[in-house]
Amino acid sequence: MDNDSPPTYIKNRRLHLPVVPLRDMVVFPHQMAPFIVGREGSVLALERTLVSNEKKIFLVAQQDPKVDDPQRDDVFDVGVVARVVQNIKLPNGNVKVMVEGVSRGRLLDLQETDGAFEADVEVYDVDYPADEQVQVYMSKLLNLFEQYAKMSHHLAFESLMSTLKLDDPDRFADTLASHLMVSTQEKQRLLERLNPYERLQHVHDLLDVEVEKINIDKRINVQVKKQMEKAQKEYYLNEKIKAIHQELGRKDDRADEVEELREKIESVGLPKEVKEKAEQELKRLEAMPPVSAESTVSRNYIDWLVSVPWKKRSREQRDLKKAQAILDEGHYGLEKVKERILEFLAVRQLTGKTQSSILCFVGPPGVGKSSLAKSIAAATGRKFVRLSLGGVRDEAEIRGHRRTYIGAFPGQIIQMMKKAGTTNPVFLLDEIEKMSMDFRGDPSAALLEVLDPEQNDAFVDHYLDVEYDLSKVMFIATANSMHTVPGALKDRMEVIELTGYTPSEKLEIAKQFLVVKQLERSGLESDRIIFSDEGIRKIVDAFTREAGVRNLEREIGSVCRKLARKVVEGGDQNFDVDDQLVSELLGKDKFRRRRGLEESEVGVATGLAWTEVGGEILESEVGLMRGKGKLILTGKLGDVMQESAHAALSYLRSRADALDIDPEFSDERDIHVHVPEGAIPKDGPSAGITMATAMVSAISSRAVRKDVAMTGEITLRGKVLPVGGIKDKAMAAHRVGITEIILPKENERDLEEIPAEVRDVLQVHLVDSMDEVLAVALSNPPDKLTKGEAEVAAPGAEAPGEGPVEGDSIAH
């Protein structure tokens, strides 16, 4: 401040106010100022201000804006008392505030109360008389400020004039100070000057400096203009030199480059509109100086136009038998997918037209989705390109950047088409469900046009800015699941599900593909290293538990590397890889088929779940303890799964008599439901009957059979509703040695999808109600249950539609 004791024209008083520290900002009296409050302490201080009558708050600038938690020494002494005029709560928790400065104030002390700053503030109200000398000085200052405003182009001087009053020096000085484009430190010095006349002099000095800066900028702009005129002069002289060279018959590299581009435009077969645009751009390129940046942009653009395939196409394979042989050579099984490809080729042969086809392979990792796309390219005789969409979150990755941006280039679709070199490749969009979005756009929305057969014949890339025909491309997308794929995008694709392999399928895949591949990689001879069926089954059962074959290939590779070491060390050169040698090389079993060896337990039921990597076994545990009927759910369960647990408990209460349990069981005991592997999020309704069975078991002290697994949604009335993923769930049960599974009756139609070798060893119980579930799952079910007509698909029975099934009440 100017003096320790204020002059006579200043009246001071004390107020106790909430305090908000400001970063890189100084608010003056008589100024309307917006800012955003985000720090927790500042938000609390603002909330206390809003509940007060006068809505006054003390705003003080921080000395260092980088300090996140300012203390007394981190803020200046002088600030402004302001009134909150408007506030808006933002979605992210911040508050947008509009304040009006009222008076200067000095910070006497600063305390933190309940997380927010408050302080005693000495407030200064200035009443400075405007005598003739002051008014003359203010008039001169106003003229200088008008000059500054007109030169800087960022101030609306006419609208500002209405707020400037020559009869109030204090307000006049503050208004000018708040509109100066100077540093925060300089504005703070202006705020700390109590004497309006001295403040006016300080503003005058700052205006002189700012006007001089603007004049210097103008001089620099004049110099730049002269340099541009010089560049134009150089261009003119370059053209003269070019003409002289032509007269002398000398070679001109620039002319040769332009001529080469013109020949490419004529030869690549561009569509009429594209050719016109390329020729127009070539004319612009000829008129540009060779060294200009715009010349490089035009040359690159023409290069892209002539490099992308417009007419060249691969000659398609039309021999269905040969295509079938190529598909069988690369992949074992997968009959539905192979059938769809052969259908496509048959239609193509009959119609003679190339129709856009968009397939989406959905299945667990390792089942061969990406490699199958390569086999399809080989079977159809097309080129193959792959675009990984995992982690893509920018729309420009698909559509490209406009040429106005520095370093712009086409999107990945056009880049891959250039790489393919033909108009009809097999285009793999890998991991389509792993795209995301941010402020730069949504790439999945950009793919809607690419994957729509009705629109993709006129796809427009932002960089090329011309229509490009993608209708001849065979698009194949892959995904582990379709849950995160937008509905509109999903609707444009023909989804083909690739479920996990059975043990026998894994055995054949290993024998035909994996063993040969790993022996070759390890430098071993296939006639000296023989993998027996028992050895491969040992690896499948004891060292892998997956839907695909990736881990199986890794384990086979591990066996081959260990054998390679033995060969190099001078040992035996011939090996018969049986189950004993596998155990010797790989060590102890990683997994075991344990279900048949375990005893039934009370309060533990085995459920079947579906994940992105295939089917899984999921146990539900229930514990009872003294309490008041509270239901505790743990294991990182989602909302739908929690609701299923509540529905199961409501069913128990409504059926207490039939279940032979105390109707008042929940009055004195809490029920804790836990699903192990708590670090993994779980959700979905299919665990409903599993949790209900575990609850009944725990409350009635009846054990649940360990050789039985189940899946199904439960209703409040005890009905069992259908669920998805039946094939994967059945195969998961088979992998761990479970012999009986309980499925909803309405899922009977899904049994035919289960491989025959799994159906032959699984006994499937089809149920409509929870009573039927308990009758099968409990070791000693209550006598009062309504024992149903749970239908049973016995081991070895035929799938629906394949023939009659013997026995009373036996069906599929």
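The following dialogue reads selected features of a predicted model.

Biologist: How many helices and strands does the secondary structure of the protein come to, and what share of its residues is buried?

Modeller: The secondary structure comprises 26 helices and 27 strands. Of the 812 residues in the protein, 48% are buried. As for contacts between residues at least 6 apart in sequence, 73% of them join residues at least 24 apart.

Biologist: How is the packing of two helices to be read, and what is the angle between α10 and α12?

Modeller: One reads the angle between the axes together with their separation. Helix α10 covers residues 320-330 and helix α12 covers residues 369-380; their axes come within 8 Å and cross at roughly 155 degrees. An angle over 145 degrees counts as roughly antiparallel, and α10 and α12 are therefore roughly antiparallel to each other. The crossing in which α10 passes α12 is right-handed.

Biologist: Which residues of α10 and α12 meet?

Modeller: On the side of α10 they are Ala-323, Ile-326, Leu-327 and Gly-330, and on the side of α12 they are Ser-375, Ile-376, Ala-378 and Ala-379. By class, this contact of α10 with α12 has 6 nonpolar residues, 2 polar residues and no charged ones.

Biologist: At what angle do α10 and helix α11 pack?

Modeller: Helix α11, residues 335-351, packs with α10 at an angle of about 155 degrees, and the axes are 10 Å apart. That makes α10 roughly antiparallel to α11. Here too the crossing is right-handed. From α10, the contact involves Leu-320, Ala-323, Gln-324, Leu-327 and Asp-328; from α11, it involves Lys-338, Ile-341, Leu-342, Leu-345 and Ala-346. These residues divide into 7 nonpolar, 1 polar and 2 charged.

Biologist: Are α17 and α19 parallel, antiparallel, perpendicular or oblique to each other?

Modeller: Helix α17 (residues 503-522) and helix α19 (residues 550-568) have axes 9 Å apart and pack at an angle of about 40 degrees. The cut-off for roughly parallel is under 35 degrees, while roughly perpendicular begins at 65; α17 and α19 are therefore oblique to each other. Their crossing is right-handed. Among the residues in this contact are Lys-506, Ala-510, Leu-514 and Arg-521 of α17, and Glu-553, Ile-556, Cys-560 and Arg-561 of α19.

Biologist: How is a pair of aromatic rings described?

Modeller: The description uses the distance of the centres and the angle of the planes. A search of the whole structure finds 5 aromatic pairs. One of them joins Phe-145 and Tyr-148, with 6.0 Å from centre to centre and 50 degrees between the planes, and this pair is tilted. Phe-145 and Tyr-148 are 3 residues apart in helix α2 (residues 132-152), so about one helical turn separates them. Both Phe-145 and Tyr-148 are buried.

Biologist: Where in the chain do Trp-310 and Tyr-468 lie?

Modeller: Trp-310 is in the loop between α9 (293-307) and α10, whereas Tyr-468 is in strand β11 (residues 467-468). They form an edge-to-face pair, 5.0 Å centre to centre with 70 degrees between the planes. The pair links distant parts of the chain, its members being 158 residues apart. Trp-310 has a relative accessible area of 13% and is buried; Tyr-468, at 2%, is buried as well.

Biologist: Is Glu-210 buried or exposed?

Modeller: The cut-off for buried is under 20% relative accessible area. Glu-210 has 11% relative accessibility and therefore counts as buried. Glu-210 is found in helix α6 (residues 196-248). Leaving aside neighbours within four places in sequence, Glu-210 is in contact with Tyr-148, Met-181 and Val-182. Tyr-148 is the residue that also forms the tilted pair with Phe-145.

Conventions:
Residues are numbered from 1 along each chain as its sequence is written. This is a predicted model: local features need pLDDT of at least 70, side-chain atom pairs count only at pLDDT 80 or more; totals for chains, interfaces and linings use all residues. Side-chain values use heavy atoms; hydrogens and water are left out. Axes are lines fitted to C-alpha atoms, for helices over the stretch in contact, and angles run from 0 to 180 degrees between N-to-C directions. Helices (H or I, at least four residues) and strands (E, at least two) are DSSP runs, numbered from the N terminus. Angles under 35 degrees count as roughly parallel, over 145 as roughly antiparallel, 65 to 115 as roughly perpendicular and the rest as oblique. A crossing is left-handed if the near helix is turned anticlockwise from the far one by less than a right angle, and right-handed if clockwise. Contact means heavy atoms within 4.5 Å. Ala, Val, Leu, Ile, Met, Phe, Trp, Tyr, Cys and Pro count as nonpolar, Asp, Glu, Lys and Arg as charged, and the others, Gly among them, as polar. Rings of Phe, Tyr and Trp (its six-membered ring) pair if their centres lie within 6.5 Å; planes under 30 degrees apart count as stacked, over 60 as edge-to-face and the rest as tilted. Buried means under 20% relative accessible area, exposed over 50%, partly exposed in between (1.4 Å probe, protein chains only).
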